[in-house]
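Please keep the chain in view while reading.

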Amino acid sequence: MALIKYSFRPGVDRTGTRYTAEGTWYETDKVRFRFGYAEIIGGWQAASQATVRGVPRIAIGFASLAQVKYLGVGTNSQLAVWQGGSFYDITPVRASAVLTSAVSTQTNSRRVLVSAASHGITTNDYAAITTPATIGGNIFMASVYRASVVNVNSFAVDVSVSAAATSAGAGTSVTVNYLLATGASSGITGFGWGAGTWGFSTWNTARSTGGVAQGPIVWSLDAWGEDLLACPGNGSKFYIWRESGGIGARASVVAGAPSATNAFFITDERHVMALATNPDGTQQDQLLIRWCSQENYNDWTASATNTAGDYRLTEGTRIMGGGRSKGENVIFTDNALYTAQFQGPPFTFGFQQQGSGCGLIAQNAFQVVNGIAYWMSTSGFFRYNGRVERLFSTVQHYVFDAPSSDNVGINFAQAAKIISGINREFNEIWWFYPDASSSENNRYVIYNYLENTWAIGTLERTAWFDGAPFDRPFGMDSAGMLYYHETGNAADVSALSTTLLSGDFDLEDGDQIIFMSRIVPDYDLDGEMQLFINTRKYNNSPVITKGPFLVSADTPKVSMRARGRTCSLEIYTSATDTFYRIGSFRFDLQPDGYQ
């Protein structure tokens, strides 16, 4: 017998089969690679028990001049700021009305009927309603309510208590503020020309499942000093929330800005750059960029005395997103990358196409780290560091190929929901995406940009932020819950379950069956983990699994009996507050014949 040492290279390799992944890892979940070794990711905990309305798609941090920290959040039905452990509704008001004798109740019913001519509400929109006195004997309305349409001239809302009496048209006046309409939380599929992203299918091929006719609401948010500039996308207006107004104030429309914009960002020189927008008073152009005059988000009409302007891109069918980079700005269409450099008057910005066939898959599917842009396209991962480069990804097939026994694929009909996030402490970029069986982001890819390693796993996150003024990452799920990440080793109040599976490796070169009697593990371990050994006689023969073997910090060896030509190592954890970092393992092996 002899103890044979096996070391595993960092990263997941799904470029081939389990056998071609010999010497590395084949499957991970809640595991990252750092300093060349596999370890459990940090845990998370709820930042508060409060949630936002709707599904969050973006979160950004900013601070007031007095260093009050805020997190801005955009969902399909709400714009909110999180501060001091609570969410505050800053959703803009689209219209207001003071109604006379308009509120009716029924005894023992929580439903209140509001009569409002041509209210323009659709079911699941929200309205802030205030009554000057109680109605129905015991109901005082002074909150935001979800509306149900009765007809074009009336709608109903549900309150928290049942009316003590029936009242018809009660109250002298009621103030109703109609909030920004609730938008789609998922992509709406359609067929025909334009129904789908670039590369969704092949030319002149019938779409059996349809493409995306209209995407979900995905806000753009950016800090204008201590204020929050916002646009809900899908051809919308701009809004501004002024910190000086307090957390009880709502965002208001930016009157001078374009009226139909999909996305925006603010340049280092303090120009708001509107993407896929409309010229003054005309139809939205999916390839048009406009920017305001420097330091003035209300001034968008170019003149000899300002720096406002516009530029139309040429490649692609629509602009997907963009942002600041080092010394320039990056702007993505669905098929190309452009850069915009500040030049000053008279043209303000100079534009240059940097790459083709590398479009952005979703508005928030890119990050800029140390002046290098990284993004997910419809066909792979890319970076721009002065030139466009396709990243060689060892999980490319797993993510992008059609679903199979070895690949999960992407639900391209919901690709607009894909987000990326930085985890600065660990030099990582995370992409959260919906796999082919899911309508929400349920999986992730991690790319360690310093060590050039990839990891995969499952986790629902629809929004992510890591950066100033906060000292740790925030993640949000589709239920609107906000979490601190990289804190402890638990999944909020539950155990952080993890998976780590190696590729199949030869126990010994040659044709003999090998007998394994002992494993000497090498790890840093706080808690306990379960160890499995999977052996095969041939690459495609049935797997014989031995285990689980419970391993703790003081386990010197694992005694067992297994036979095979190839083997894979499998590690699971399901206990609360467990951490491990895996080193090299040694196996006690001896030849055991040919059958």
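A charge sits over a ring if NZ of Lys or CZ of Arg is within 6 Å of the ring centre and within 35 degrees of the ring normal.

| Charged residue | Ring | Distance to ring centre |
|---|---|---|
| R14 | Y26 | 3.9 Å |
| R53 | Y126 | 4.2 Å |

The model is predicted: local features need pLDDT of at least 70, side-chain atom pairs count only at pLDDT 80 or more, and totals for chains, interfaces and linings use all residues. Numbering starts from 1 along each chain as its sequence is written, and side-chain values use heavy atoms, with hydrogens and water left out.

Aromatic pairs come next. Rings of Phe, Tyr and Trp (its six-membered ring) pair if their centres lie within 6.5 Å; planes under 30 degrees apart count as stacked, over 60 as edge-to-face and the rest as tilted. The structure holds 36 such pairs. F332 and F366 form a tilted one, because their planes stand at 50°. Their ring centres are 5.1 Å apart. This pair links distant parts of the chain, 34 residues apart. F332 belongs to strand β29 (residues 329–333), and F366 to strand β32 (residues 366–369). Strands (E, at least two residues) and helices (H or I, at least four) are DSSP runs, numbered from the N terminus.

F332 counts as buried, at 0%. F366 is buried too, at 11%.

W375 and F382 make a stacked pair, since their planes are at 15°. Their ring centres lie 5.7 Å apart. W375 is buried, with a relative accessible area of 0%. F382 is buried at 5%.

One aromatic cluster takes in Y374, F381, F400, W431, Y447, Y449 and W454.

Now the sheet. Four strands form an open sheet in the order β24-β25-β26-β27, with antiparallel pairing. Two strands pair if DSSP finds at least two bridges between them. The edges are β24 (263–266) and β27 (309–312), each pairing on one side only. Neighbouring strands are turned by 20° against each other on average, direction ignored. Axes are lines fitted to C-alpha atoms, for helices over the stretch in contact, and angles run from 0 to 180 degrees between N-to-C directions.

How many bridges join β26 to β27? Four join strand β26 (residues 288–291) to β27, and the two run antiparallel. R290 has D310 in β27 as its bridge partner.

Technical notes. Buried < 20%, exposed > 50% of the residue type's maximum accessible area, 1.4 Å probe, protein only.
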